Amino acid sequence: MFTRFNLSEKAVHFPDDRRFVAKMKPSVLIIAGLFLGLVVGVAWIQFITTGLPADPSLKLPAINNVSVKGFPFWVILCHWVNFFFLIILIRSGISILMDHPRLYWNHNCTPDSEWLRFTPIRVPRDRFWTAKDDARYISPVLGLPGYRHSVGIARGWHFIHVPFFVLNGVFFVCLLFLTDHWQRIVPTSWEIIPDAWSVFVHYITFHLPIEPNGFYHYNALQKLSYFAVIFIFTPLSIISGMCMSPALENRFHWLPKIFGNRQGARSVHFLVMLGYIAFIFVHVGMVAISGLVRNMNHITLGTDEPNNLNGLFIGIGIICLLVSFFFLAHYISWRKPRLVQKASAMINSPLWEKTINRLKPRKYYTKKDISPYFWANGKLPTSQVWKDLLADDFKDYKLKIGGMVSNPVELSLDELKLLGKEENITMQHCIQGWSGIAEWGGIPIHSIINIVKPHKNAKMVVFYSFGEGLYGGTYYDSHTLDNCLKPSSILAWEMNYEALSPVYGAPLRLRVENQLGYKQVKWIERIEFVEDFENIGKGYGGKNADDEYFDILANT
């Protein structure tokens with residue numbers, strides 16, 4: 001193996017408990033089983049009582065009368081490029097999922113309310129349990145990069161390829177409708193639905209229907225499947241992914257409602273992934289069964305030759321290249337993970353800065369929306385200074401604010417409270433995947449900025465914590481001054497109308513609502529205004545960005 005983990009990293013990435021299970025809520029399992037049983041049962045009842053339905057492929061015109069046939073070069077190219085990106089997105093998505101291996105239809109993520117979980121552990125109530133404790137190990141054979149708590153690298157691989165996956169799809173769809181090739185994919189009559197059902201009855205009762213030559217025709221079920229993958233699965237995957245962005249959700253609260261809520265979007269994102277996986281297995285299986293050599297010539301050479309092995313060899317070569325890429329990807333993930341982080345930032349940060357990072361949060365949630373459970377994250381500070389302050393209820397606490405400012409200050413909690421208070425009920429979006437709604441009360445950051453008067457070249461605000469990062473060292477994170485001035489950006493001393501508890505960040509925690517949760521620094525010790533973050537920590541803008549390769553700009 002290529003792994004070079006130190007002892008603390010090994011303890012995180014290779015936990016003793018590596019069990020992997022999939023546990024579905026009984027009610028969901030029953031509903032899914034009944035639906036599947038009903039569909040299969042109806043097909044078998046039809047077969048037993050009336051026999052096989054007429055094969056709709058008999059109605060297809062003779063190949064001499066087909067006007068749109070074959071596979072032009074752009075279809076072949078888009079097909080293989082899409083396959084490459086899709087496998088990367090699926091494998092990195094599996095790795096991301098394992099950092100919070102629970103799926104919900106509610107937005108509060110209360111333990112035991114999940115409809116599906118990939119962990120044997122029920123959240124213990126008798127001890128401190130964080131979302132990071134709940135993460136699971138996933139084999140690098142299945143996930144990219146695999147292991148545990150590798151969500152930063154997994155997101156890097158995911159978001160490096162998402163823009164190109166979308167561009168490839170747009171390119172394909174544009175050319176589809178600029179040519180006559182759309183007629184091979186898009187149904188033009190509702191008759192395709194009963195025809196597709198007839199083909200399904202053949203398959204499910206173990207009677208292969210007539211298999212048209214795919215160079216000229218698809219059967220009704222094939223055509224409907226291709227249409228669904230291109231025009232239903234892909235938009236659903238894109239829109240449900242967008243709904244998990246804190247910047248988008250906090251600005252366009254109607255968007256996640258398409259799926260019920262933010263967690264509903266996450267569940268749909270997962271279900272679409274399962275749909276893609278099922279399609280790939282069935283598609284590849286049918287390619288092999290219905291004439292492997294001829295079909296590979298179709299989609300590699302664009303020719304209809306049943307005995308030419310060149311297409312098969314080219315296809316095998318493409319698969320070998322894909323496998324080789326994943327060996328390289330794992331090597332990079334383990335030995336050069338900074339490359340993944342930098343590539344993701346180079347591709348996505350300019351796009352996000354010019355689009356979603358400019359969105360301003362809007363107030364939406366009310367007291368009735370507050371979550372009954374709110375996941376904790378991060379290790380409680382071990383600093384003796386913090387412990388002594390906690391023991392005295394933070395009466396001697398002083399928030400130090402300095403750096404590139406005209407008026408550095410030190411303010412106690414009482415002094416901060418005299419400067420004014422803002423209350424916001426907002427949704428926390430964790431990079432691991434969970435969410436929760438809470439009320440936060442504290443001082444608006446713009447009030448502090450008005451007091452300390454940053455210099456003109458102070459572009460960044462760095463928040464230092466009494467707590468530590470996953471591998472030790474002072475936890476910190478940075479935000480642009482612009483983001484700190486956005487609505488609902490506060491230093492909170494209150495959560496759900498009570499004093500902030502030690503678990504959730506006492507004495508102060510940050511709330512900048514267009515960013516992911518790890519940017520909301522807890523247990524704040526001091527604040528520093530700087531020109532940039534290159535000389536702070538390892539120079540990547542935050543402790544998680546330094547050590548766990550998290551996103552530098554965290555609003556998606």
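In this predicted model, the largest cavity is lined by Gly152, Gly156, Gln341, Ser344, Ala345, Ser349, Trp352, Tyr549, Phe550, Asp551, Ile552 and Leu553.

**The largest cavity**
- The space inside the largest cavity comes to about 70 Å³.
- Both α5 and α13 supply at least two residues of its lining, and the largest share, 5 residues, comes from α13.
- By residue class, the lining of the largest cavity divides into 6 nonpolar, 5 polar and 1 charged.

**The second largest cavity**
- The second largest cavity has a volume of about 50 Å³, and its lining consists of Asn250, His253, Pro361, Arg362, Lys363, Tyr364, Tyr365, Ile425, Thr426, Ser488 and Glu513.
- In the lining of the second largest cavity, 4 residues are nonpolar, 4 are polar and 3 are charged.

**The second largest pocket**
- The volume of the second largest pocket is about 1000 Å³, and among the 39 residues that line this pocket, His158, Phe159, Val162, Gly241 and His269 are the closest to its centre.
- Two or more residues of this pocket's lining come from each of α3 (73-97), α5 (151-178), α8 (220-242), α10 (262-289) and α13 (337-354).
- The lining of the second largest pocket is made up of 25 nonpolar, 11 polar and 3 charged residues.

Definitions and conventions. Residues are numbered from 1 along each chain as its sequence is written. This is a predicted model: local features need pLDDT of at least 70, side-chain atom pairs count only at pLDDT 80 or more; totals for chains, interfaces and linings use all residues. Side-chain values use heavy atoms; hydrogens and water are left out. On a 1 Å grid over the protein atoms alone, a cavity is a set of points where a 1.4 Å probe fits but cannot get out, and a pocket is an open set with protein on both sides within 12 Å along at least five of seven lines; lining residues have an atom within 4 Å of a point. Grid points are joined across faces, edges and corners, and a volume is the space filled by probe spheres set on the points. Helices (H or I, at least four residues) and strands (E, at least two) are DSSP runs, numbered from the N terminus. Ala, Val, Leu, Ile, Met, Phe, Trp, Tyr, Cys and Pro count as nonpolar, Asp, Glu, Lys and Arg as charged, and the others, Gly among them, as polar.
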